[in-house]
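Morning, everyone. Let me put the structure up.

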Amino acid sequence: MDKQQENNIQIELPENIADGIYSNLAIIAHSSSEFVVDFVSLMPGTPKAKVKSRIVMNPENAKRLMFALIDNIKKYETQEGEIQLQHDGFNPPIVGPMGEA
């Protein structure tokens, strides 16, 4: 088996996941062995927010995700222009002990 065949992975995207989940806030915590990313939907004027999805990964895969996001943002900005960050003073509440998963 050549190397290219070894790297082919078939990924199935179930219909119930294909639509995705909207999130406008991510909360990240970590321990020595894992990173936890909670994706939250925070609605204006609502005192409560719900975690819509939680992803747990080891530190190596978290770093790979970081590099993939950096690469994709650079590609996006090359095509669409720089993403402007809004500085509206929004500071989401910190939930739980940050830095510890």
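Start with Asp71. Asp71 is partly exposed, at 36% relative accessible area. On the terms: buried is under 20% relative accessible area, exposed is over 50%, and partly exposed is in between, with a 1.4 Å probe and protein chains only.

Two notes on the source. This is a predicted model, where local features need pLDDT of at least 70, side-chain atom pairs count only at pLDDT 80 or more, and totals for chains, interfaces and linings use all residues. Residues are numbered from 1 along each chain as its sequence is written, and side-chain values use heavy atoms, with hydrogens and water left out.

What does the side chain of Asp71 meet in a salt bridge? Lys75, at 3.1 Å, N to O. A salt bridge here is a side-chain nitrogen of Lys or Arg within 4 Å of a carboxyl oxygen of Asp or Glu. Lys75 is partly exposed too, at 49%. Both residues lie in helix α3, 4 residues apart, about one turn of the helix. Helices (H or I, at least four residues) and strands (E, at least two) are DSSP runs, numbered from the N terminus.

How many salt bridges does the structure hold? It holds 3.

Next, Glu60 and Arg64: 2.7 Å, N to O. Helix α3, residues 59-80, holds both, 4 residues apart. Arg64 is exposed, at 52%.

Last, Asp38 and Arg54: 2.5 Å, N to O. Asp38 sits in strand β2 (residues 35-41) and Arg54 in strand β3 (residues 50-57), so this pair ties together parts 16 residues apart in sequence. Asp38 is buried, at 11%. Arg54 is exposed, at 54%.
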